[in-house]
Amino acid sequence: MQLGPFDYALWFVGFLVEIGVVVCILYKRDVLRYLSLTIYMLCAAFVTCGQYFYVSRFGFNSSQYFYYYYYTESLLTILLFWTVIQFYQQTFREMKVSGYIRGAAVLLLLATALFSYAVVHENRSHLTTKFVVELGQNLYFVGVVLTYLLWGAILKLRETRTRLIQLVLALGVYFSATACTYALRNLFPSLQPYVLRWVPPLVGLWLPVAWAYTFAEVSEDARLATARLVARAR
Amino acid sequence: MAAALICVISVVVFLQFFVSYCRSVLTVSRKVELSDRVREVSGIANRNIGADDFARLVQLVRLCPQQGDDATEIRAVGTYYGLLRMVKYLSAFLIPALGPWTERECESCSHFAAVALDRRISYSRDLFTQQVADRT
């Protein structure tokens with residue numbers, strides 16, 4: 001399987017938008033407020049450069065690129081958890097529970113590391129495609145659960161900051177779509193070369209584009225009532 | 001078994017997040033007042049925006065030069081609009097009470113497209129003014 005112009009275009013646009021989000025945050029002087037998000041986007045841009053390097057040096061079908069892709073993906077997901085934790089801190093800011101959130105975050109990271117170690121230990125004799133796909137699927141699913149709980153807290157606390165709401169919702173779309181893609185890959189590996197191959201790059205593009213839109217179009221002071229967002233026929 | 005469960009849960013959660021995201025984008029755009037210019041261009045000068053205006057407005061949006069940061073949102077809202085039309089069609093037979101709600105949501109989608117059009121027209125005008133200024 002070789003990469004076509006569309007793959008390279010997606011790659012390039014993805015890199016540009018990731019850098020665009022960082023520039024947007026710097027321009028709005030929101031680095032400290034969204035520190036983890038900025039670091040995540042910078043790392044994602046570096047990883048994209050690394051992917052290009054691996055493809056040009058070893059080829060798209062090489063095992064070097066394969067393991068680089070999946071393991072950096074897992075590391076980026078863990079980095080994204082940090083962003084989720086920062087969103088939790090912003091949501092619960094007035095309740096002064098930062099200490100508890102940090103404690104829970106450390107526990108969660110330890111639990112994820114332990115779980116991943118257990119999976120690695122179990123599969124140490126055959127660290128194959130199935131293992132990396134399964135690890136990715138589990139990590140993204142933890143992300144889905146974390147974001148869903150955060151969304152529940154936002155609704156319960158009647159959070160009104162539009163920017164925070166849109167950032168969290170975009171993250172939820174990203175995590176759930178990616179977890180679903182990984183699960184489908186696990187269930188139907190034969191779909192990978194035809195259909196599922198296109199989904200991760202497109203979903204990967206969604207997150208920086210949606211975040212760039214939010215930072216560019218929604219000011220920090222914008223407010224909206226979360227009750228309006230829950231789809232319900234009145 | 002675990003993969004199937006994760007797949008089902010993810011699809012359900014994805015739909016929830018996607019719908020809420022689109023509604024948040026629509027709520028933000030709902031607060032924006034449309035200019036007379038865009039009302040005139042899109043032929044809605046003397047009436048309110050209707051649910052069926054969406055496709056026409058999006059076509060007009062596509063005719064304008066892209067500003068760069070709203071294409072994904074237009075596509076996302078377009079998908080949401082498609083979902084709403086499907087729900088409207090199905091609810092006509094199954095749950096007629098959903099009809100007015102889907103109609104309101106579709107109107108919000110049309111309003112969003114009109115706001116995007118307004119923004120792009122302003123952008124085009126700025127570009128044109130800049131070009132004229134550069135020439136003189």
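1. A:Arg158 has 9 C-beta neighbours inside 10 Å, so A:Arg158 is exposed. Note that this is a predicted model. A:Arg158 sits in the loop between helix H5 (129-156) and H6 of chain A. Its phi is positive, about 50 degrees, although A:Arg158 is not a glycine.

2. Most residues other than glycine have a negative phi. A:Arg29 is another residue to check on this point. Its phi is about 55 degrees, positive, and A:Arg29 is not a glycine. The residue lies in the loop between helix H1 (5-27) and helix H2 (35-58) of chain A. A:Arg29 has 8 other C-beta atoms within 10 Å, and is therefore exposed.

3. H1(A) and H2(A) pack with their axes 9 Å apart, at an angle of about 155 degrees. Angles over 145 degrees count as roughly antiparallel, so H1(A) is roughly antiparallel to H2(A). The crossing of H1(A) past H2(A) is left-handed.

4. Which residues of H1(A) meet H2(A)? On the H1(A) side they are A:Trp11, A:Gly14, A:Phe15, A:Glu18, A:Ile19, A:Val21, A:Val22 and A:Ile25. H2(A) answers with A:Thr38, A:Met41, A:Leu42, A:Ala44, A:Ala45, A:Thr48 and A:Tyr52. By class, this contact has 11 nonpolar, 3 polar and 1 charged residues.

5. Now the contact between the chains. Chain A puts in 33 residues and chain B 24 residues. On the chain B side, the elements that give two or more residues are helix H1 (2-30), helix H4 (71-93) and helix H5 (98-135) of chain B. H1(B) gives the most, with 17 residues. The side of chain B that touches chain A divides into 15 nonpolar, 5 polar and 4 charged residues.

6. A:Leu187 is worth a look here. It is found in helix H6 (residues 162-187) of chain A. Setting aside neighbours within four places in sequence, A:Leu187 is in contact with B:Ala3, B:Ala4 and B:Cys7. Is A:Leu187 buried or exposed? A:Leu187 has 12 C-beta neighbours inside 10 Å, so A:Leu187 counts as exposed.

Definitions and conventions:
Residues numbered from 1 in each chain as written. Chains lettered and ligands numbered in written order. Predicted model: local features only at pLDDT ≥ 70, side-chain atom pairs only at ≥ 80, totals over all residues. Helix = DSSP H or I, 4+ residues; strand = E, 2+ residues; numbered from the N terminus. Buried ≥ 20, exposed ≤ 12 C-beta atoms within 10 Å, placed from the backbone. Contact = placed C-beta atoms within 7 Å. Nonpolar A, V, L, I, M, F, W, Y, C, P; charged D, E, K, R; others polar. Axes fitted to C-alpha atoms, helices over the stretch in contact; angles between N-to-C directions. Parallel < 35°, antiparallel > 145°, perpendicular 65-115°, else oblique. Left-handed = near helix turned anticlockwise from the far one by under 90°.
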